[in-house]
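Welcome to this tour! Open your viewer, keep the selection tool handy, and follow along one stop at a time.

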Amino acid sequence: MSPHDRDEDEIEASRAPLMDHLIELRSRLMICVAAFVVGFIGCFIVADPIYVFLVQPFAVAAQFREAAGPGGAVSPFDLILGTAGLVPVPRGDGETVNLIFTAPLEFLITKMKLAAFGAVVVTFPVLAWQLYRFVAPGLYRNERGAFLPFLIAAPALFLTGAAMVYYVMLPFVMLFSLGQQISGGGITAELLPRVSDYLNLVMALLLAFGLCFQLPVVMTLLGMAGMVSSKTLASSRKYAIVAIAVVAAFVTPPDPLSQIMLGIPLVLLYEVSIWCVRLIELRRGKADAAEASA
């Protein structure tokens with residue numbers, strides 16, 4: 001019996017009536033909802049420390065700005081290393097960060113949004129595993145083996161993008177914003193962000209970078225499906241760079257720094273995608289040659 005016949009028999013044996021599929025879908029959705037609720041409650045309990053953690057890049061940027069003084073320059077390496085806790089951060093004389101909320105329940109709603117976002121991140125392994133277990137019976141054995149690495153690669157790339165946001169993007173964005181403050185002639189324009197606006201900025205950047213960093217995963221899956229080839233991706237490089245610039249301008253705050261800091265990693269990830277698709281093509285060619293010689 002050939003491998004293809006074995007796969008067909010395995011899928012035929014796993015077929016079930018529609019009602020069984022619906023029952024299984026309901027049970028897996030209930031597990032996902034229960035995991036999300038538990039994650040939401042847990043994240044809401046520790047919402048204050050999480051929010052303080054998210055404000056740290058803003059605080060580090062403010063402290064470096066205060067230490068540099070008006071018109072002073074801040075070393076980008078010190079800013080990044082200071083956010084990562086690898087170099088000491090200068091301490092100011094007083095408050096360096098002051099966020100406000102202007103509605104009675106604004107901070108409560110902000111913490112609920114933060115808890116919901118955190119619950120999705122924390123429970124993603126459970127959600128992804130339930131999705132995989134639901135679709136796995138309809139996949140061939142080699143497809144299941146190929147699908148599993150993406151369950152690891154996708155969250156790893158998302159966390160890489162999130163780390164870049166936290167340790168690089170946010171400090172530079174907030175330093176740039178603090179540099180727009182003016183004081184003189186009896187007029188002061190001071191940065192006093194609302195708690196909800198700051199969280200919206202953080203979540204927007206995390207989603208933008210996390211999803212854009214999935215480019216190698218998406219391209220590799222398309223390559224496995226035969227929808228793209230490494231030759232096509234390589235020849236379309238200049239168009240891809242233009243598309244990346246448009247995406248970076250659309251999903252980041254309207255400043256050149258944010259767009260450049262997202263665009264450069266995406267160009268590098270596009271090159272990684274070409275190599276991933278090329279490796280898939282080489283493996284497919286070896287498998288076809290082995291099957292032809294058998």
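A pocket is found on a 1 Å grid over the protein atoms alone: it is an open set of points where a 1.4 Å probe fits, with protein on both sides within 12 Å along at least five of seven lines, and its lining residues have an atom within 4 Å of a point. Before you select anything, note that this is a predicted model, where local features need pLDDT of at least 70, side-chain atom pairs count only at pLDDT 80 or more, and totals for chains, interfaces and linings use all residues. Residues are numbered from 1 along each chain as its sequence is written, and side-chain values use heavy atoms, with hydrogens and water left out.

**Stop one: a pocket**

Select Arg65, Glu66, Leu178, Gln181 and Glu190: of the 21 residues lining the second largest pocket, these lie nearest its centre. Now colour helix H3 (47-68), which gives the largest share of this lining, four residues. (Helices are DSSP runs of H or I with at least four residues, strands are runs of E with at least two, and both are numbered from the N terminus.) Strands S1 (182-184) and S2 (187-189) each supply at least two lining residues as well.

**Stop two: aromatic rings**

Next, show Tyr51, Phe58, Phe101, Phe107 and Tyr198, which form one aromatic cluster. Rings of Phe, Tyr and Trp (its six-membered ring) pair if their centres lie within 6.5 Å; planes under 30 degrees apart count as stacked, over 60 as edge-to-face and the rest as tilted. The whole structure holds 10 such pairs. Zoom in on Phe101 and Phe107: their ring centres are 5.9 Å apart and their planes meet at 15 degrees, so this pair is stacked. Then move to Phe209 and Phe213, a tilted pair with 6.2 Å between centres and 35 degrees between planes.

Are Phe209 and Phe213 buried or exposed? Phe209 is buried, at 0% relative accessibility, and Phe213 is buried too, at 5%. (Buried means under 20% relative accessible area, exposed over 50%, and partly exposed in between, with a 1.4 Å probe and protein chains only.)

**Stop three: a loop and a helix**

Select Thr123 in the loop between helix H5 (106-122) and helix H6 (124-135). Thr123 is buried, at 6% relative accessibility. Finish at Arg237, in helix H11 (residues 237-251). Arg237 is partly exposed, at 31%. Leaving aside residues up to four places away in sequence, Arg237 touches Tyr270, Glu271 and Ile274; contact means heavy atoms within 4.5 Å.
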